[in-house]
Amino acid sequence: MSINRVMISGNLTRDAEIRSTQSGMAILGFGVAVNDRRKNQQTGEWEDYPNFVDCTMFGTRGEKLQPYLTKGTKVAIEGKLRYSSWERDGQRRSKLEVIVDELEFMSSRNGNNANQGYDNGMTAGYAPQPAPMAAPVAAPIVDASASVYDEDIPF
């Protein structure tokens with residue numbers, strides 16, 4: 001028995017691009033850069049080596065998330081590997097990609113990694129459930145200090 005699961009986190013290398021099949025199903029494509037850490041044999045120092053991973057998401061989730069998936073956005077992804085091969089102009093080509101099952105935003109809209117309410121409601125993953133998943137909606141960022149006053153506290 002084998003299990004085809006992959007989990008990665010990294011930054012988007014480009015803005016997500018949406019296209020559709022002939023039947024109208026949305027296909028979202030984007031790339032994620034992840035680091036591999038190895039020891040340099042000459043210097044003995046640990047070094048980061050980038051790996052670039054192509055990712056694909058299908059359906060309405062991809063359509064809804066496309067505006068939020070911009071270059072530099074930090075995400076965590078869970079999915080499965082898919083190997084594809086084809087021939088073009090007499091050349092044999094292939095690629096290994098991640099088919100995204102779950103996606104979580106790891107950075108806020110303004111680019112820092114503080115998770116300031118950005119991924120609340122924005123997790124694009126799903127678990128097998130009897131009811132269909134609602135479309136992801138960005139939760140508003142609420143400044144609680146503006147609505148709470150000391151004189152309202154009864155102690």
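Which side chain does a polar contact of 2.7 Å join to that of Asp101? The views below take up this question and others. The model shown is predicted.

**View 1. Asp101 meets Arg5.** The partner is Arg5: its side chain and that of Asp101 are joined by a polar contact of 2.7 Å. Asp101 belongs to strand E6, which covers residues 91-105. Is Asp101 buried or exposed? Its relative accessibility is 9%. Buried means under 20%, so Asp101 counts as buried.

**View 2. The whole protein, for orientation.** The protein has 1 helix and 6 strands. Read the elements from the N terminus and the order is β-β-β-β-α-β-β. The protein has 155 residues, and 28% of them are buried. Keep this order in mind for the other views.

**View 3. The largest pocket.** How much space lies in the largest pocket? The volume is about 170 Å³. Several elements each give two or more residues to its lining: strand E2 (17-20), strand E3 (26-39), strand E4 (46-58) and E6. Among the lining residues are Arg14, Glu17, Ile18 and Arg19. Gly29, Phe30, Asp54, Cys55 and Thr56 also line the pocket. Lys95 and Glu97 belong to the lining too. By class, the lining has 6 charged, 3 nonpolar and 2 polar residues.

**View 4. A charge over a ring.** Which ring lies under the charged end of Arg38? The ring belongs to Tyr49. The charged end of Arg38 is 3.9 Å from the centre of that ring. Aromatic pairs are another matter: the structure holds 0 of them.

**View 5. Thr73 and Thr70.** Thr73 sits in the loop between H1 and E5. Its side chain reaches a backbone atom, the oxygen of Thr70, at 2.8 Å. Is Thr73 buried or exposed? The relative accessibility of Thr73 is 10%. The limit for buried is under 20%, so Thr73 counts as buried.

**View 6. Gln66 and Gly29.** Gln66 is also placed in the loop between H1 and E5. Gln66 has a relative accessible area of 27%, so this residue is partly exposed. How many residues apart in sequence are Gln66 and Gly29? The count is 37. In space, they are 9.0 Å apart, C-alpha to C-alpha.

**View 7. Glu63 and Met25.** Find helix H1, residues 60-65: Glu63 is in it. With a relative accessible area of 45%, Glu63 is partly exposed. Now look for Met25. Along the sequence, Glu63 and Met25 are 38 residues apart. Their C-alpha atoms are 9.6 Å apart in space.

**View 8. Asp89 and its positive phi.** Where is Asp89 found? Look in the loop between strand E5 (74-88) and E6. Asp89 has a positive phi of about 55°, although this residue is not a glycine. Most residues other than glycine have a negative phi. Is Asp89 buried or exposed? Its relative accessible area is 73%. Exposed means over 50%, so Asp89 is exposed.

Methods: Residues numbered from 1 in each chain as written. Predicted model: local features only at pLDDT ≥ 70, side-chain atom pairs only at ≥ 80, totals over all residues. Heavy atoms only, no water. Phe/Tyr/Trp six-rings, centres within 6.5 Å; stacked < 30°, edge-to-face > 60°. Lys NZ or Arg CZ within 6 Å of the ring centre and 35° of its normal. Helix = DSSP H or I, 4+ residues; strand = E, 2+ residues; numbered from the N terminus. Buried < 20%, exposed > 50% of the residue type's maximum accessible area, 1.4 Å probe, protein only. Polar contact = N/O pair within 3.5 Å; in protein donor to acceptor, adjacent residues only side chain to side chain. 1 Å grid on protein atoms, 1.4 Å probe; cavity = no way out; pocket = protein on both sides within 12 Å on 5 of 7 lines; lining within 4 Å. Points joined across faces, edges and corners; volume = space filled by probe spheres on them. Nonpolar A, V, L, I, M, F, W, Y, C, P; charged D, E, K, R; others polar.
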